[in-house]
Amino acid sequence: MSATDLDHAVSADAVAEPPIAYVSTRGGTPPTGIDAALIAGLAPDGGLYVPTRIPRLPDAITRTPSASLAATAAQALAPYFEASRLRDALPALCARAFDFDAPLLPMRGDHDFVLELFHGPTAAFKDYAARFLAECLAGLRAPDARDGDSVGDTTILVATSGDTGAAVAGAFHRRPGFAVVILYPEGRVSPRQAHGLECWGDNVRTFRVAGTFDDCQRMAKTALSDRDLRERMALTSANSISLGRLLPQLAYYAHTARNFFAVHGVPLNLIVPTGNLGNAAAALLAQRMGFPIGEVALASNANDVLPRFFAGGDYAPHPTLATLANAMDVGAPSNFERLRHWFADDDALRSAIRARAVDDATIRSHVAAAPEKHGIVACPHTACGLAMLDDVRNAGDIRPWAVVATAHPAKFETIVEPLVGHEVPPPPALAECLARPAHGEALAADDAALRERLLS
């Protein structure tokens, strides 16, 4: 992606610039500081917060290796937190949030890699950002040194298509001063995902919504935009609409890219399985900041809103289809607003990104073939990325590509195990979650019903 492709992105040295401010993608909110944006989650006009500029980091950072993911995170996120109360605490905060790895491993086949993002406590890539956001919000809630006062309890409202809710629950579970409310579409997540959403208790309430993920996302956005409700309770979001979810996700792409370049001397290209576009948007941010990332390609399931757009069609959200890659069952990707804000126009956006839709039959075939062909066991979402990798290789592209593995295959054992012909044991942290009792509450796919439960 060319540096000129992004609208609103100034490439001057970050040190010479004033602190970054944050505005809404919808233009109805004055510039605000990062602390206020993190606490709010969603901008008052219903838009998503974005930085007024994207800092370009020096080659001394972007082209040299780093020993730890936490160290890269602190360096990459520092410009965004320059005016934050958390600025001086950022390295320690990153050390706590990013205390598990994101390994880039070779697959069978020349120049084929997998970026494993499932080594956190709930075995999905959402763990990195959820833990970072929890650390930020806890730090911002600390008693003010001037008067010793602290604010009241904060409710974290999160809509999930499978993995986000568990990561947020794990990050905030038993954390003083916080309550978590999870909305997930009943019957549209895997059995182990459902258990991982309902096994927390204490300060976490989980609602099985009689609808789709898009219903859950609409309900969450409506509640977050309800001024009367927010005057009556401290409410924020931990979905990818939150700036505190978007920014930390750039860290593992920055870390992977700088270390790959230091060894190979060429940029790494990425295939990102995506539904709500937050993970892909973070990869684009890392790329724009100067980290050596080549092309960013998107792999979607049968919910093909993005592939149709990038193929030249209109952006036309549609009702969600249920697929094997359920965490990407999104018919109205929220972060598309951020991409449109950053690019000059739709033509510039289309010229920078390619996307592919993958149906369930193709997901099955790639899950089944992955152990022999690639040397890995893939979850259904990662299988979408492997299908796109086939497209890339069949077109004669010999550049290095990494498929982003977004979740551990053991979370989808009813799909994966029959296809690979053996048991896929859950990692220890996931096994611990599965051993706990689970309980969720039924909820209609209705904004008023959620409002009533929140106030109760």
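## A buried pair

Lys 411 and Asp 163 are both buried, where buried means under 20% relative accessible area, exposed means over 50%, and partly exposed lies in between (1.4 Å probe, protein chains only). The two residues form a salt bridge, and their closest N and O atoms are 2.8 Å apart. A salt bridge here is a side-chain nitrogen of Lys or Arg within 4 Å of a carboxyl oxygen of Asp or Glu.

This pair links distant parts of the chain, 248 residues apart. Lys 411 sits in the loop between strand S12 (401-405) and helix H17 (413-420). Asp 163 sits in the loop between strand S5 (154-159) and helix H6 (164-172). Helices (H or I, at least four residues) and strands (E, at least two) are DSSP runs, numbered from the N terminus.

## Basis of the values

This is a predicted model, in which local features need pLDDT of at least 70 and side-chain atom pairs count only at pLDDT 80 or more, while totals for chains, interfaces and linings use all residues. Residues are numbered from 1 along each chain as its sequence is written, and side-chain values use heavy atoms, with hydrogens and water left out.

## Other salt bridges

The whole structure contains 27 salt bridges. In one of them, the side chains of Arg 451 and Asp 226 meet with an N to O distance of 2.8 Å. These residues are 225 apart and link distant parts of the chain: Arg 451 belongs to helix H19 (residues 447-455), and Asp 226 to the loop between helix H8 (213-224) and helix H9 (227-232). Arg 451 has a relative accessibility of 24%, so this residue counts as partly exposed. A network of salt bridges links Arg 451 and Asp 226 with Asp 228 and Arg 232.

Arg 436 and Glu 432 form another salt bridge, with the closest N and O atoms 3.9 Å apart. Arg 436 is partly exposed, at a relative accessible area of 23%. Glu 432 is exposed, and its relative accessible area is 52%.

## Arg 96 and its contacts

Arg 96 is part of helix H4 (residues 90-97). Its relative accessible area is 44%, so Arg 96 is partly exposed. Leaving aside residues up to four places away in sequence, Arg 96 touches Arg 131 and Glu 135; contact means heavy atoms within 4.5 Å.

The side chains of Arg 96 and Glu 135 also make a polar contact at 3.0 Å. A polar contact is a pair of N or O atoms within 3.5 Å; within protein, one must be able to donate a hydrogen and the other to accept it, and residues adjacent in sequence count only if both atoms are side-chain atoms. Arg 96 and Ala 70 are 26 residues apart along the chain, and their C-alpha atoms are separated by 8.2 Å.
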